[in-house]
Amino acid sequence: MTAKMTMAQAINSALRDAMTADDSVVVFGEDVGPLGGVFRVTEGLTSDFGEDRCFDTPLAESGIVGMAAGMAMNGMRPVVEMQFDAFAYPAFEQVVSHVAKFGNRTRGTLRLPMVIRIPYAGGIGGVEHHCDSSEAYYAHTAGLTVVAPANNTDAYALLRAAIESPDPVVYLEPKRHYFSNDEVDLAAADSTIGRAAVARKGRDATLIAYGPSVPVALAAAEEAATEGRDLGVVDLRSIVPFDDDTVCEQVKHTGRAVVVAEAPGFASVASEVAARVTEHCFHYLEAPVRRVTGFDIPYPAPKLEHFHLPDTARILDAVDELQWEEQL
Amino acid sequence: MSIDQLDAAVATVRVLDEAGELVDGTERPDSTALLAGYRQLVHGRRLNEQAGALVRQGRLAVYPSSRGQEACQVACATALSEGDWLFPTYRDAVAIAARGVDPVDVLSMLKGDWHCGYDPARHRVAPQATPLATQLLHAVGVAHAARLKGEDTVVMALCGDGATSEGDFHEACNFAAVFASPVVFFVQNNKYAISVPLARQSVAPSLASKAVGYGMPGVRVDGNDLGALSTVLGEAVERARRGCGPTLVEADTYRVEAHTNADDATRYRTTDEVDEWAGRDPLTRVSAYLRGVGALDDDIEAEFAADADRMAARVREGLGVDVAPDPDELFAHVYATPTQQLVQQRAALQGEFDVEEA
């Protein structure tokens with residue numbers, strides 16, 4: 001059964017279906033109640049499931065995440081919304097010191113099955129504090145699962161899997177795609193966390209991306225095809241756990257790799273991917289792994305963001321530099 | 001005095017004075033309950049002493065003592081019913097033991113075996129929190145979940161005076177009040193956050209008076225008076241259980257020992273001040289009162305002391321056993337199922353052992 005829907009609607013469907021399937025799933029945060037969230041992701045949940053299942057909280061992110069941790073200790077499966085990426089930082093201590101570590105601290109006797117939804121990354125002309133790519137903070141923290149869907153089907157499937165996970169999951173929503181329409185097959189949605197997807201097969205080089213950078217990588221591959229170069233695209237989907245097997249299989253096949261991500265490149269997820277690929281695939285590589293990332297700067301003001309964000313030209317320039325001349 | 005009266009936040013509730021005399025106008029405490037509490041006080045004091053000795057012997061890495069605060073420790077644990085939850089801090093080992101957790105399992109964390117030595121779900125006692133005030137939000141979450149599930153669970157959330165400066169203290173009080181969560185916030189105001197005195201944390205009329213800003217009752221109680229603590233905490237627990245929401249209780253007490261064995265309290269406070277508070281000891285006033293009403297004599301006192309000595313002997317024995325750490329545990333609990341990367345890292349570590357053995 002396929003249906004045309006936006007990513008916001010796909011996420012909403014996942015919340016609805018999870019809440020219907022399991023009474024212990026509760027949704028809360030700022031403006032998620034009667035308003036339905038600033039991006040309308042939780043639209044209709046309060047009216048359909050009642051105020052005990054989807055509710056607004058005081059405006060305090062540490063409070064939201066800390067309370068969710070407590071509810072998870074007592075048998076609930078909370079799904080909380082941080083309104084924007086940079087507004088999640090007040091909750092950082094709760095996430096890092098407790099949410100991530102509680103299962104380990106208690107030798108697995110008290111795990112916290114909870115989901116922290118974070119609209120993240122840029123491309124919407126947002127003012128400061130509304131466009132951060134904060135995934136590296138979470139990916140660096142052992143105990144967290146970190147996922148970032150790039151299309152509407154994965155948005156649905158990964159959220160269902162995140163809610164069912166026994167571990168806490170940071171679910172990063174590429175906000176610039178909230179209103180992208182797409183055919184979604186909810187029944188066929190593969191809900192595996194920890195598995196990357198081969199979004200496009202290619203012979204010449206592999207682009208590795210996640211979240212909002214996947215459509216950019218796919219567009220770059222499309223453009224390269226018109227120039228006679230066959231690029232594959234791996235969509236990580238799951239940053240933690242990381243799918244070394246799928247990534248390395250593709251890179252070993254092509255011998256060339258470019259990692260694409262919006263976040264500043266220094267000490268980033270892109271850097272980790274490049275390092276892993278280099279360690280695991282060194283003997284298959286025809287050229288050093290390249291990274292195309294945001295600059296090492298605070299997220300720019302709206303009129304400057306297009307300079308910062310990786311685009312197809314910058315990706316293709318990096319591909320051009322993968323030592324093709326030595327192949328001749 | 002009712003805890004719903006506003007001046008309860010500034011006046012200090014007392015039942016027994018420092019000499020063990022009943023304070024004028026208060027109801028006589030139940031001698032049987034008070035005697036049971038006294039037995040727990042004796043055990044708590046003995047546990048504080050034993051843990052301190054184990055640090056000096058090198059068996060424990062560190063121990064934050066609650067000496068002088070034993071009445072708070074016992075009262076908050078005994079105010080709870082079986083299904084209730086306790087959220088303790090690192091200084092609340094005595095409260096956890098009073099709740100029924102084996103003191104060996106409480107202290108094994110300080111021996112370095114693991115981050116938490118008991119099963120929090122089974123005992124309904126959260127792991128001891130080392131960051132300040134963060135656990136108060138977890139307490140609110142447990143309480144809110146209980147309310148949603150229709151259970152009559154009450155959650156006792158502990159913190160100290162220093163933690164009231166943290167943002168999470170504010171957020172927890174506010175969330176609990178807004179959601180009418182069944183939580184009792186119990187602040188042991190022991191006057192110091194390591195070296196920093198109360199005056200640098202707050203100039204509010206009292207810490208309990210902060211409750212006014214959240215729209216919940218606040219009560220200040222003599223923290224060395226087991227009778228007063230039991231009355232106030234008991235009422236706050238029952239109030240929460242009835243669905244009347246949270247209460248903020250501040251205990252006026254004192255940290256008689258240094259922050260931990262690694263701290264030198266003579267650098268920031270006078271011995272006169274310590275001596276003055278030692279004269280308000282929570283054990284002596286209960287014992288004086290109980291002897292005055294004929295509920296305690298030398299024989300019972302000797303029996304309690306012998307009981308406490310047996311507990312201390314078990315603690316020495318339990319913590320004297322060295323269990324070899326299992327390196328597999330480094331990786332086993334991080335996720336419900338270890339990631340592929342953790343499996344590889346575990347194998348790599350095992351490889352190091354294999355090389356050593358060869």
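**Figure 1. Chain B in this predicted model has the radius of gyration of a compact globule.** A compact globule of 358 residues would have a radius of gyration near 21 Å, and chain B has 21 Å, so the two agree. The model is predicted. Along its principal axes, the C-alpha trace of chain B spans about 75 × 50 × 40 Å. Chain B holds 14 helices and eight strands. Of its 358 residues, 51% are buried. Now take the contacts in chain B with a separation of 6 or more. Residues 24 or more positions apart account for 76% of them.

**Figure 2. A UniProt feature covers residues 45-307 of chain B.** An unreviewed UniProt entry gives this span the name "domain: Dehydrogenase E1 component". Follow the chain from residue 45 to residue 307. The end C-alpha atoms of the span lie 12 Å apart.

**Figure 3. Chain B meets chain A.** The contact takes 33 residues from chain B and 36 residues from chain A. Which helix gives the largest share of the side of chain B that touches chain A? That helix is α6(B), with 11 residues. Four helices of chain B each supply at least two residues of this side: α5 (120-123), α6 (134-148), α7 (167-178) and α14 (340-357). By residue type, the chain B side divides into 19 nonpolar, 11 polar and three charged residues.

**Figure 4. Chain A is divided into two domains.** Domain 1 of chain A covers residues 2-185, and domain 2 of chain A covers residues 197-327. The C-alpha centres of these two domains lie 27 Å apart. A UniProt annotation, from an unreviewed entry, covers residues 5-180 of chain A. The record calls it "domain: Transketolase-like pyrimidine-binding". The end C-alpha atoms of residues 5-180 lie 8 Å apart. This span of chain A is 36% helix and 17% strand.

**Figure 5. Domain 1 of chain A touches domain 2 of chain A.** How many residues of each domain are in contact? Domain 1 gives 26 residues, and domain 2 gives 21. On the domain 1 side, the elements that give two or more residues are α6 (135-139), β6 (145-147), α7 (152-164) and β7 (169-174) of chain A. The residues of this side divide into 14 nonpolar, seven polar and five charged.

**Figure 6. Strand β7(A) is mostly covered.** Buried or exposed: what are the residues of β7(A)? Six of its six residues are buried. Look at where they point. A:V169, A:Y171 and A:E173 point one way from the strand. A:V170, A:L172 and A:P174 point the other way. Residues on both faces of β7(A) are buried. Recall that β7 is also one of the elements giving two or more residues to the side of domain 1 of chain A that touches domain 2 of chain A.

**Figure 7. Strand β7(A) pairs with β5 and is joined to β6(A).** Start with β5, residues 115-120 of chain A. It pairs with β7(A) in the parallel sense, over six bridges. One residue pair to find here is A:P119 and its bridge partner in β7(A), A:E173. Now turn to β6(A). Three bridges join β6(A) to β7(A), and these strands run parallel. A:V147 stands opposite A:Y171 in β7(A). A:Y171 and A:E173 point one way from β7(A), and both are buried.

Technical notes
Residues numbered from 1 in each chain as written. Chains lettered and ligands numbered in written order. Predicted model: local features only at pLDDT ≥ 70, side-chain atom pairs only at ≥ 80, totals over all residues. Domains from an automatic or database assignment. Contact = placed C-beta atoms within 7 Å. Nonpolar A, V, L, I, M, F, W, Y, C, P; charged D, E, K, R; others polar. Rg over C-alpha atoms; globule rule 2.2 N^0.38 Å. Buried ≥ 20, exposed ≤ 12 C-beta atoms within 10 Å, placed from the backbone. UniProt positions renumbered as here; feature names shortened; annotations may be inferred. Pairing = 2+ DSSP bridges.
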